[in-house]
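Subject: Structure handover

Hello,

Here is the structure you asked about. My notes follow below it.

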Amino acid sequence: MKSFNHLLTFIALLSGLGTFAQNSKLDSLKIELEQAESDTAKISILIDMAYEAHTQKSERIGYAAQAYELGRNVESVKHKSRSELILGIFYASTDLDSAADLMKKGTKRYLENELYKHAVNAYYIVGVTYEIEKLLDTAIQHYIQAYELGKEHEVLPEYGNAAYALANIHNIRGRNVEALKWAISAKEAYEKGGLTKQVSQAHNQIGIIYDQKGLFSEALDNYLKARDLAIQAEDIEGEILINNNIGVIYDNMNNPKQAMEYYSNALEKSRIHNMEANEATLLNNLSYIHLKNGDTTKSISLLKSALAIDLSDSYPCFESYPLEGMGSILLAQKKLDSAEYFLDQALATSIKCEEAVVISTVYKDLGQLYGKQKKPKQAEEALMKALKIGVDSKLQLETKEALQALYELHKKYRNDAMAMHYLEKYQSLTDSINNQNNIEKATQLAAEYEFRKQVAKMEQERLESEQKFADEIQAQTNQNRLILLALVLFILLAGTMARFYYVLKGRNRKLRWLNDEKNKLMGIVAHDLRNPLNMIIGLMPLFQDVTKKSKDENLKKYVELLEISSERMRNMIDRVLDISAIENMKVNLKLEKTNLSALTYESIHNFDIIASQKEIEIIDNIDKSQELFSNVDPNYLVQVIDNLLSNAIKFSDRGKKIEVSLVSENSHHEIKVKDQGPGISDEEQKSLFKAFTTLSSKPTEQERSTGLGLSIAYKFINAMGGEIECHSKPGEGTTFSLIFQKA
């Protein structure tokens, strides 16, 4: 029995297919599906539902099949191809040939439409699917296609993922030279894309390969780099994986106490974060440490706990590890029949999964078992298989164990010449693995790493202390600047207001009506306020430069608030000028005979793009061929229609519809804008066309609304001799009507 460090790497790879949530997520998606109106939206939701329904295979395939049926009739290449690809992935375990046709068709369409990122990702996911189905050669072909196409078109992280997957398969098969080549390619790709988490994973994979070659210092160097990057990327699962692997290094260097510390730390984090696959592997490795310490009871208990964790969906090959462990323990206890039962199961699973390390270890165990059963021929055959796999795959530790077992077998049956032959090979390899330089170098590397961490921590604390002091000084400076700015602004505004006061005082004698006085004051204030406001807005970039260099969040918030308020005031001034002009009867109306059909049609289609951003459909019921004329000012009428459409979009939820129509009655024409928004109560309709009216309903995505638009629209329509009406009930939407006499 032995500890393993490449299992978690493979599980991490498979996690790329998607993560699964609780049933509540699936229920939420079902509600979204009922409300979705477009087929493309339904396809995306059904695919999400297929991933969430992970406990029921038939249900998962059912959702994917529904997405596929919808995908056959949509024009979107992405949705059509994705629906084919996903159905193929989920269908693979049921009918691999049909699944392969679907996956091939979806991938081919991506390529034909030059959607290279999607094509690379498709090759990669298909490779993972074949890997799950144990068709590793086919998986390798797809990974290579993903890597080559992705590298050609600089598709990251997909081609890095493909190289990483290739490294993992070759590592499992014991082809360490190929595995190392692909692992380095993956690291270089991830570094190019600045992907910290993935660079950590690649360093970890390289460490595994070096460990299996018995190069402990090189392995530990990569593990330590990987752990630093995982912590930097806040990758908890990666940190757990690397701690497990560092534990394996110490175990291989005959330091069980240090190995136990790393395993236990990783196991605790796995349980806290509910990572069952990691927990199962760590239980398996901890059982090995307890067995080496002579505690078979604890070792068996841990292995049973590992076997009790069901990983059949995420990693069906996992059982080969604890099965080998149980066989190894029972063999040590001389319970030969039970040991043989577990070892046969472990061998069958590991051969199916092409796990070279496990296969070599199980053959070694079987060789020892046959030796105890007094079957020397079968024992030698099994041990020679273990040795061949170890040598061919360059697995130093497995080769050493096979040589030791062959020496003991031949010694037992007094074949002294062969015993000495294998003993010499065993001692030579052991010296090579455990040479003083190798162990000392790894130990020194770990000590230097811990020392550097402590020095870096002290330096970081010093820098943070200095930075805190500097920030306090800067904050005080910025506060003083802000106070000065406020004083300058106050003086500017005070001076302007004083000027307005004296202008108003001089004109009061000439004004005859209070309403005229109000409107003139509004016009003067709005116009003259533009100058200081423009000055304030012009100064804003200077304050933004200050906030960029400052870490004072309050200062940034105050400057941002000042900028927003200035822009808002300028917009309000423009609105005030419009109202003031209307009430003073200074609107330069140019009434002319206008075709309402053409004008309304052109106006509503200016909002197609804005509406599409909220997935809102504007239904056009305008008959352009019908010419309906009224005497209006086209510019003001367009502004009113724009306001009504803008409000309809603001107060409508995603996926709703807005209907615009133009009808002709006996003496008048009527433009109607109907939405599916929240509606307006009778009480609120009474003040709907008054300035600054605020309704209880709010824009659905926090769009801005001043409350002036409808009051201005009302004044424009009245100025043109028309009427504006509102018909609405809460929960039933709103219809605005613009009524003009026929020309």
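Is glutamate 279 buried or exposed? Glutamate 279 counts as buried, because its relative accessibility is 16%. Here buried means under 20% relative accessible area, exposed means over 50%, and partly exposed lies in between (1.4 Å probe, protein chains only).

Some ground rules. This is a predicted model, in which local features need pLDDT of at least 70, side-chain atom pairs count only at pLDDT 80 or more, and totals for chains, interfaces and linings use all residues. Residues are numbered from 1 along each chain as its sequence is written, and side-chain values use heavy atoms, with hydrogens and water left out.

Overall picture

The protein chain has 30 helices and seven strands. Helices (H or I, at least four residues) and strands (E, at least two) are DSSP runs, numbered from the N terminus. Of its 743 residues, 47% count as buried. The accessible surface of the protein chain comes to about 37800 Å². Carbon and sulfur atoms hold 51% of that surface. Areas come from the Shrake-Rupley method with a 1.4 Å probe; for residues, only the protein chains shown count as cover. Take the contacts (heavy atoms within 4.5 Å) between residues at least 6 apart in sequence: 66% of them join residues at least 24 apart.

Salt bridges

The search of the whole structure finds 17 salt bridges. The criterion is a side-chain nitrogen of Lys or Arg within 4 Å of a carboxyl oxygen of Asp or Glu.

Glutamate 279 pairs with arginine 271, with the closest N and O atoms 3.2 Å apart. Arginine 271 is partly exposed, because its relative accessible area is 47%.

Glutamate 401 pairs with lysine 364, and their closest N and O atoms are 3.9 Å apart. Glutamate 401 is in helix H21 and lysine 364 is in helix H19, so this bridge ties together parts that are 37 residues apart in sequence. Glutamate 401 counts as buried, because its relative accessibility is 19%. Lysine 364 is buried too, with a relative accessible area of 10%.

Salt bridges that share partners join Asp137, Arg173 and Glu354 into one network. Within it, glutamate 354 bridges to arginine 173, with the closest N and O atoms 2.4 Å apart. That pair links distant parts of the chain, 181 residues apart. Glutamate 354 sits in the loop between H18 and H19, and arginine 173 in the loop between helix H9 (158-172) and helix H10 (176-192). Glutamate 354 is partly exposed at 23% relative accessibility. Arginine 173 is buried at 11%.

Surface charge

Lys334, Lys372, Lys374 and Lys412 form a positive surface patch. Patch residues have over 30% relative accessible area and no salt bridge, with like charges joined within 9 Å. Lys and Arg count as positive. Lysine 374 is in the loop between helix H19 (356-372) and helix H20 (376-392). Lysine 374 counts as exposed at 69% relative accessibility. Lysine 334 counts as exposed at 64%.

Backbone points to check

Most residues other than glycine have a negative phi, and most peptide bonds are trans. Lysine 334 has a positive phi of about 65° although it is not a glycine. Its place is the loop between helix H17 (320-332) and H18. Lysine 134 also has a positive phi, of about 70°. Lysine 134 lies in the loop between helix H7 (116-132) and H8. The peptide bond from leucine 156 to proline 157 is cis, with omega near 5°. Proline 157 is in the loop between helix H8 (136-152) and H9.

Neighbours up to four places away in sequence are not counted here.

- Histidine 410 is in helix H21 (residues 396-412). It is buried at 7% relative accessibility. It touches Glu380, Asn415, Met418, Ala419 and Tyr422.
- Threonine 349 is in helix H18 (residues 336-353). It is buried at 18%. It touches Pro316, Cys317, Ser320 and Leu323.
- Threonine 296 is in helix H16 (residues 296-308). It is partly exposed at 23%. It is in contact with Leu291, Ile329 and Gln333. The C-alpha atoms of threonine 296 and glutamine 333 are separated by 8.7 Å, and the two are 37 residues apart along the chain.

Best regards

Conventions
Patches are made of residues with over 30% relative accessible area and no salt bridge: like charges are joined within 9 Å, nonpolar side chains (Val, Leu, Ile, Met, Phe, Trp, Tyr) within 5 Å. The place of a charge is taken as NZ of Lys, CZ of Arg, CG of Asp or CD of Glu.
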